[in-house]
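Please look over the model below before reading on. The report takes its strands, helices and selected residues in turn.

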Amino acid sequence: MRFKQISLMLLIVMPFLFQTGCWDRWELDDQGYVVAFGIDSAPGELQDRVVTAQIVIPSKLVGGAAGGGGGGDSRGFFQVSVRTFSLFDALDVLQGAVARRLTMLQCRVIFVSEDLARESLTPLLRVVERSPELRRTVFVAVVPGKVEEFMRKNVPVLESDITRFYEEMSAANKFTGYTTISTFRTLMEGLETPGENTIVTLADLKEVSLDDVNTNPQAGQLPRKGGTKGDFIGVAVCWHDKMVGKLGKLEAEALNLLRGDWESAPFSIKDPVEPKYSLGVNLRQEGKPRITVDLEDNPVRLDVKLSLEAFLVSEYGRTDYTLAENRKKLEGALREEIESRARKLITRAQSEFKSDIFKFGNLAVKKKFLTWAEWEQFNWTEKFPQADIQVSADVKVRWFGSATQPAEISP
Amino acid sequence: MILSNLQSYRPKDPNMLVKERLVSANQVEEKRNFIEIVEGVLAGSTALFIDGANAALLVETKGWEHRSVDRPLVENVVRGPQEGFNELLLSNIALVRSRLRTENLVSEMFKVGKLSKADVAVLYLRDVANPAVIEEVRKRLNALLEVDYIPDTGMLEQFIEDHPTSPMPQMLSTERPDRVAAYLTEGHVAILMSSTPFALIAPATFWALLHAAEDSYVRWPYGALMRAVRMASFLIAMFLPALYIAIVNYHSAMIPPDLLFAIAAARERVPFPAVVEVIIMEVSFELIREAGIRIPSIIGTTIGIVGALILGQAAVQANLITPLVIIISALTGLGSFAIPNYNLSFQVRLLRFLYIGFASFGGFYAMAVLMVIHLAVLSGMKSFGVPILSPASPNRPSKDTVYRAPIWKQETRPNLVRPLKKRRQPHISRSWDPKSIEARVNRND
């Protein structure tokens with residue numbers, strides 16, 4: 001009886017233990033951690049790629065200041081590029097050059113070159129879909145130039161750890177509002193959901209002299225000197241799985257407002273009273289945009305209402321905006337600016353990209369249908385470019401920074 | 001006054017007169033041989049020679065030396081009574097009785113052991129304790145007559161507990177009379193024994209093993225906090241090293257990158273796999289602990305030096321151990337020290353190694369499998385008829401498990417042993433407090 005019980009117990013327990021086992025076990029110091037991948041197109045007829053990987057050197061990271069000095073390697077990572085067919089081939093081939101078992105468990109970002117993105121994003125997504133190692137939260141960015149060069153030159157200045165650098169860089173849009181946080185998850189959402197299209201962060205590096213002017217810069221176009229070489233500004237617009245265009249800072253801001261992705265970020269306009277000056281507010285979106293849809297109309301009519309709160313934070317002119325009538329002017333100017341930017345962007349999306357990057361279809365039009373079949377039959381993708389989309393913004397100036405009125409300069 | 005009695009009773013032998021009427025000791029012998037008298041005096045008796053008598057009286061006046069009532073050595077509290085049991089059974093019973101001055105407190109005497117014939121007292125409250133439990137204790141104690149030698153409740157426990165092969169303790173041993181009294185009022189049975197300061201309380205549940213006397217003596221938020229800390233320390237002591245192994249070996253994606261690279265960098269210089277590292281540290285910690293108990297107290301301070309210097313610092317400098325593993329084993333050690341019951345902390349120490357083994361073999365998955373088996377075994381165990389995990393499983397609402405409700409809200413006794421009386425304080429104990437009454441009325445109960 002006793003023996004029977006014990007052997008039964010073992011019979012139950014043993015299969016559990018053979019499900020997984022020591023062969024899945026990897027010591028931390030036997031693995032090489034790839035934190036960033038870059039994918040470039042390769043010259044020639046073959047459909048191959050140049051895959052670049054950045055691999056962390058943990059001992060250099062922990063050594064910290066003691067390891068100091070310039071150059072990529074002493075920053076706690078090294079970069080390898082290889083010419084191969086896919087991300088997985090690359091990992092396999094790189095294994096020949098890196099002694100430790102390479103893993104993508106800690107991969108934070110994948111950069112795709114613009115020409116590949118314009119071809120199609122699907123091959124990349126297929127890899128991520130299947131791989132158990134890559135997370136769905138991996139950040140994706142499109143680089144207009146050479147990805148390999150971008151990764152090599154764009155070394156962190158503030159952070160000692162490159163992983164940290166990528167993590168914080170990709171989260172920056174929470175308080176900038178002029179790009180987007182595109183991960184595999186958002187990409188898949190945009191691709192798989194009928195009635196919306198996907199957008200991807202733009203990243204690039206180029207030296208732009210401070211003598212140049214650019215009010216609507218994209219990544220790599222900002223007149224800037226010093227700091228890290230690359231920047232993340234603007235958005236790449238996709239139609240299905242293909243990239244079809246790029247939006248600069250001003251358009252990306254309007255895009256985030258229309259998508260409801262805008263949280264709270266600075267926003268500047270021309271001073272309505274003294275137009276030569278600039279005026280800065282901190283703009284906050286109160287909830288998602290309210291969209292009313294009229295299917296009866298031909299073409300389909302959409303009314304998009306944005307509710308926004310503004311905090312005046314900087315003014316160069318001499319107008320006292322704390323006064324009621326000036327505040328009205330300020331609110332009017334903000335409304336006009338936002339509405340005109342939004343209108344321009346919508347026109348561009350309808351005529352140039354033909355791509356509903358605002359998620360209007362998924363968020364509003366879809367709700368007009370009771371069954372999925374009806375919604376699919378309606379074919380929003382075809383109807384979007386003709387739709388009549390009106391935007392109105394409701395802006396309230398609520399606060400004037402830390403001062404109740406501007407400083408009075410004594411005569 | 002005594003002499004006045006002599007009038008009526010006059011035996012011929014003056015010795016008989018003295019022996020039966022005057023000496024108040026209960027053991028008096030007549031001795032006619034001087035050698036016997038000398039031996040008797042050397043053994044502690046008193047010899048009484050009477051003029052005109054032909055024999056001496058050897059009066060039993062032996063007095064055993066014993067420890068006086070002292071502070072408890074194991075179960076210390078900051079707030080609360082500071083006296084513990086000693087080795088004298090009668091004074092131990094008196095300590096309990098001084099706290100429960102009721103005629104319903106019964107102490108039944110038993111003798112266990114053929115050679116030791118140790119006195120065992122079973123204490124319970126006649127009007128509260130469940131008769132079935134009392135009968136069960138009687139039955140188990142009566143079975144021990146044929147055993148040679150049972151000197152301590154630690155051995156007694158092993159003879160009468162339900163599952164003698166399980167690492168889980170099933171009786172609560174305590175040296176605090178206030179704790180014994182508290183459990184008696186809840187309907188439990190206490191077993192006290194001569195020559196040992198540790199009383200046994202039956203039945204005991206897992207939760208009772210995590211309680212300390214002080215929990216009830218401090219105000220309830222503090223008591224609740226102490227209990228929560230203790231529960232956390234139990235979990236840390238049981239699972240932390242195994243969790244570390246599982247995460248580092250199987251689930252490295254869970255670690256934030258900064259920490260991951262720091263561990264990886266430290267591990268680069270260490271020649272062993274992570275599990276060997278952890279086992280080295282755990283074994284050394286067990287060594288320190290065992291040595292600390294066995295070491296003569298004069299050279300006891302060396303333990304600290306050896307432990308702190310050799311294991312803490314030198315092992316890291318020699319690249320044998322990563323600093324994180326030192327932190328983990330230190331936390332684990334602290335956790336197991338915070339477990340108030342000595343037996344329970346033994347159980348934790350044993351099972352921890354089992355969990356480490358399973359974690360190194362199959363990560364979280366194997367740990368989860370072991371945990372399911374562990375819980376299944378525990379929920380099947382009983383202590384004197386009471387499920388050991390109750391009132392959590394089987395689930396009965398209780399105000400005194402990990403969370404301790406305010407004392408004035410604990411109106412009924414815990415239902416574990418089905419006490420004869422359910423209510424232990426009136427519906428509204430704080431009857432002078434209008435808020436308290438109002439709250440009760442609003443709850444409609």
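This is a predicted model: local features need pLDDT of at least 70, side-chain atom pairs count only at pLDDT 80 or more; totals for chains, interfaces and linings use all residues.

## Strand β1 of chain A

Start with β1(A), residues 31-41. This strand is mostly covered: eleven of its eleven residues are buried.

β1(A) pairs with several strands. With β2(A), residues 49-56, the pairing is antiparallel and counts seven bridges. There, A:Ile39 stands opposite A:Val51. With β4(A), residues 101-103, β1(A) runs parallel, joined by three bridges. A:Tyr33 has A:Thr103 of β4(A) as its bridge partner. With β5(A), residues 109-113, the sense is again parallel, over four bridges. A:Ala36 faces A:Val109 in that pairing.

## Helices α5 and α9 of chain A

Helix α5(A) spans residues 122-130, and helix α9(A) spans 184-192. The two pack at about 115°, with their axes 11 Å apart. Their crossing is left-handed.

From α5(A), the contact uses A:Leu124, A:Leu125, A:Val128 and A:Glu129. From α9(A), it uses A:Phe184, A:Leu187, A:Met188, A:Leu191 and A:Glu192. By class, the contact residues are seven nonpolar, no polar and two charged.

## The three-stranded sheet of chain B

Chain B has an open antiparallel sheet of three strands, ordered β1-β3-β2. β1(B), residues 28-31, and β2(B), residues 46-48, stand at the edges. Each has a single partner strand, so one side of each is left without a neighbour in the sheet. Neighbouring strands are turned by 30° against each other on average, direction ignored.

β1(B) and β3(B), residues 56-59, pair antiparallel over four bridges. Within that pairing, B:Val28 has B:Val59 as its bridge partner. Helix α2(B), residues 34-42, packs on this sheet. α2(B) touches β1, β2 and β3 of chain B, and its direction makes about 25° with that of β3(B).

## The five-stranded sheet of chain B

Five strands of chain B form another open sheet, in the order β4-β5-β7-β8-β6. Its pairing is antiparallel. β4(B), residues 105-112, and β6(B), residues 172-174, are the edge strands, and each pairs on one side only.

B:Leu105 stands opposite B:Leu125 of β5(B).

## Helices α9 and α11 of chain B

Which way do α9(B) and α11(B) run relative to each other? Helix α9(B) covers residues 220-250, and helix α11(B) covers 274-294. They pack at an angle of about 165°, with axes 10 Å apart. Angles over 145 degrees count as roughly antiparallel, so α9(B) is roughly antiparallel to α11(B). The crossing is right-handed.

On the α9(B) side, the contact is made by B:Pro241, B:Tyr244, B:Ile245, B:Val248 and B:Asn249. On the α11(B) side, it is made by B:Ala274, B:Val275, B:Val278 and B:Glu282. These residues divide into seven nonpolar, one polar and one charged.

B:Ala237 lies in helix α9 of chain B. Is B:Ala237 buried or exposed? Its relative accessible area is 0%. Buried means under 20%, so B:Ala237 is buried. Leaving aside neighbours within four places in sequence, B:Ala237 is in contact with B:Thr332, B:Gly335, B:Ser336, B:Ile339, B:Val348 and B:Arg352. B:Gly333 is 96 residues away along the chain, yet its C-alpha atom is separated from that of B:Ala237 by 6.7 Å.

B:Gln410 sits in a loop. That loop lies between β10(B), residues 386-387, and α15(B), residues 434-443. B:Gln410 counts as buried too, because its relative accessibility is 6% and the cut-off is 20%. With neighbours within four places in sequence left aside, its contacts are B:Lys399, B:Asp400, B:Arg404, B:Ala405, B:Arg424 and B:Gln425. B:Ser398 is twelve residues from B:Gln410 in sequence, and the two are 9.0 Å apart in space, C-alpha to C-alpha.

Key. Residues are numbered from 1 along each chain as its sequence is written. Chains are lettered from A and ligands numbered from 1 in the order in which they are written. Side-chain values use heavy atoms; hydrogens and water are left out. Two strands pair if DSSP finds at least two bridges between them. Axes are lines fitted to C-alpha atoms, for helices over the stretch in contact, and angles run from 0 to 180 degrees between N-to-C directions. Angles under 35 degrees count as roughly parallel, over 145 as roughly antiparallel, 65 to 115 as roughly perpendicular and the rest as oblique. A crossing is left-handed if the near helix is turned anticlockwise from the far one by less than a right angle, and right-handed if clockwise. Contact means heavy atoms within 4.5 Å. Ala, Val, Leu, Ile, Met, Phe, Trp, Tyr, Cys and Pro count as nonpolar, Asp, Glu, Lys and Arg as charged, and the others, Gly among them, as polar. Buried means under 20% relative accessible area, exposed over 50%, partly exposed in between (1.4 Å probe, protein chains only).
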